Amino acid sequence: MHAIRPTDDVAPRPAPQVRVPEPVVVPPERELDEVTLVVRAQEGDVRAFELLARRHQGVLFRVAVRVVGDPADAEDALQEALLDAWRRIAGFQGDSAFSTWMYRIVTNRCLDLLRRRRPVVPVDEIGEDRLVASGLAAPGSRGPEHAAEVDAGMAALRVALARLPDEQRVCWVLRELEGLGYTEIAQITGATGTAVRGRIHRARKELAEVMRSWR
Amino acid sequence: MALDAFPPGLSPEDQIEPLACGRDAADVWDHAADGVPDEHERSCPHCAAAIADARGLDGIVHRMADEVPPPPPSLVDTVMEAVLNTVTAELRPQDLLALYSPAGPARLSRPAAARVLRHVVDRMDGMRARSCRIEQDGLALSVAITVTARFGVDLASVTARVRQMVVAAGKQALGTPVARVDITVVDLWEER
């Protein structure tokens, strides 16, 4: 800690001799490290929070789409999650990575949204047509005829994924599509590591059962 | 929003039944997915069925993982508009600093003042401001700032310079005296 003695006179005085110079090297804020941005955002720096949001939005939107199955719903969930993050960032203790903390907020927002949506659209009625309409089952850019079977298989996988219980789907998405470890998934979901392994295994078995006919 | 949307306990649905050979089915699946089944798993018929399931799903799951839907371009803009509205709506009197202003009161939000002082540090070669906490006693400001520095800079010299610059910025940019500046170097970084 470096501290100077308090000045004796704190009344406004004429500008001192030291002038704030013209910029020599101004590191663009976008290059600031994540810890610095988090600390600044925790102290109310809106611009730092915006940079964090822009850095993480791609991954978080991808997760949200995969969990809720619809881009428009995913956008709603992510907007709500980012607002939650702004309101709660002062309480972020750094016990886990900031990305883990953000995953947690987003997946919880997705689960909230799914619970609200369920009475309107029963999961069993989420069919391929809806997924195609949402752009999630769009054929790949490869486009040739032989891709039709692959695309149909992919559509079947999406439907099977949408039919999994929400908590299973979240764990499966984080593991198999996001490539996270069991420990981090447990931190995100607040479940035990054993419960996470169980949910992922159950999801894998269910999806494998559905996909056997496509092998 | 419920932050703990997942029940923490272990329900029967979360448990994994062992395979008929006694192996943990999730372990067998993980080994197959990683391409490293052990000797038992390679020869056991019960494990073989689990491995076939894992491998059968593997290709299409990888294709799904490779799909990256881009976020809507205006998503963060929409969020930031709401954030800024929140900031304005939730600004409390204790978040405001009084500025020297003989012709009538003038106030500045604490985060905005901190931003001014951080910017002064960011302008210095090899220095970046992290935390900047400002207290006010009367009109005088007391600033506690943490900084990160590039490896190799003369820390004694640059921290003295940081102090000098923060005091100067208080006078020039905020028009308010800075009575105390506590500086802590919290990290060092290397030029990329």
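Leaving aside neighbours within four places in sequence, Val68(A) is in contact with Asp73(A), Ala74(A), Ala77(A), Cys110(A), Leu113(A) and Leu114(A), a contact being two residues whose C-beta atoms, placed from the backbone, lie within 7 Å. The model is predicted: local features need pLDDT of at least 70, side-chain atom pairs count only at pLDDT 80 or more, and totals for chains, interfaces and linings use all residues. Residues are numbered from 1 along each chain as its sequence is written, while chains are lettered from A and ligands numbered from 1 in the order in which they are written.

**Nonpolar cores**
- Val68(A) is also one of the residues that touch the most other members of the largest nonpolar core, which has 67 residues; Ala64(A), Ala77(A), Leu78(A), Val106(A) and Cys110(A) are the others named.
- A nonpolar core is a set of buried Ala, Val, Leu, Ile, Met, Phe, Trp, Tyr and Cys residues joined through C-beta atoms within 7 Å; a residue is buried if 20 or more other C-beta atoms lie within 10 Å of its own, exposed if 12 or fewer, and partly exposed in between, with C-beta atoms placed from the backbone.
- Another core, of 26 residues, lies apart from it and includes Val120(B), Ile134(B), Leu141(B) and Met165(B).

**Chain A: fold and confidence**
- Chain A holds 9 helices and 1 strand; helices (H or I, at least four residues) and strands (E, at least two) are DSSP runs, numbered from the N terminus.
- Of the 215 residues in chain A, 41% are buried.
- Chain A has an average pLDDT of 80, and 70% of its residues score at least 70, where pLDDT is the predictor's confidence in each residue, from 0 to 100.
- Over residues 1-16 of chain A the pLDDT is below 50, and this stretch has 23 contacts in the model beyond near neighbours in sequence.
- Over residues 131-143 of chain A the pLDDT is likewise below 50, with 22 such contacts.

**Chain B: hairpin and helix**
- Strands S3 (residues 127-137) and S4 (residues 140-150) of chain B run antiparallel and are joined by 9 bridges; two strands pair if DSSP finds at least two bridges between them.
- Cys132(B) stands opposite Ile145(B) in S4(B).
- The hairpin has 2 residues between its strands, and Gly138(B) takes a positive phi near 70 degrees.
- Buried residues in H6(B) include Val158(B), Val162(B), Met165(B) and Val166(B).
- Gly175(B), with a positive phi near 65 degrees, follows H6(B).
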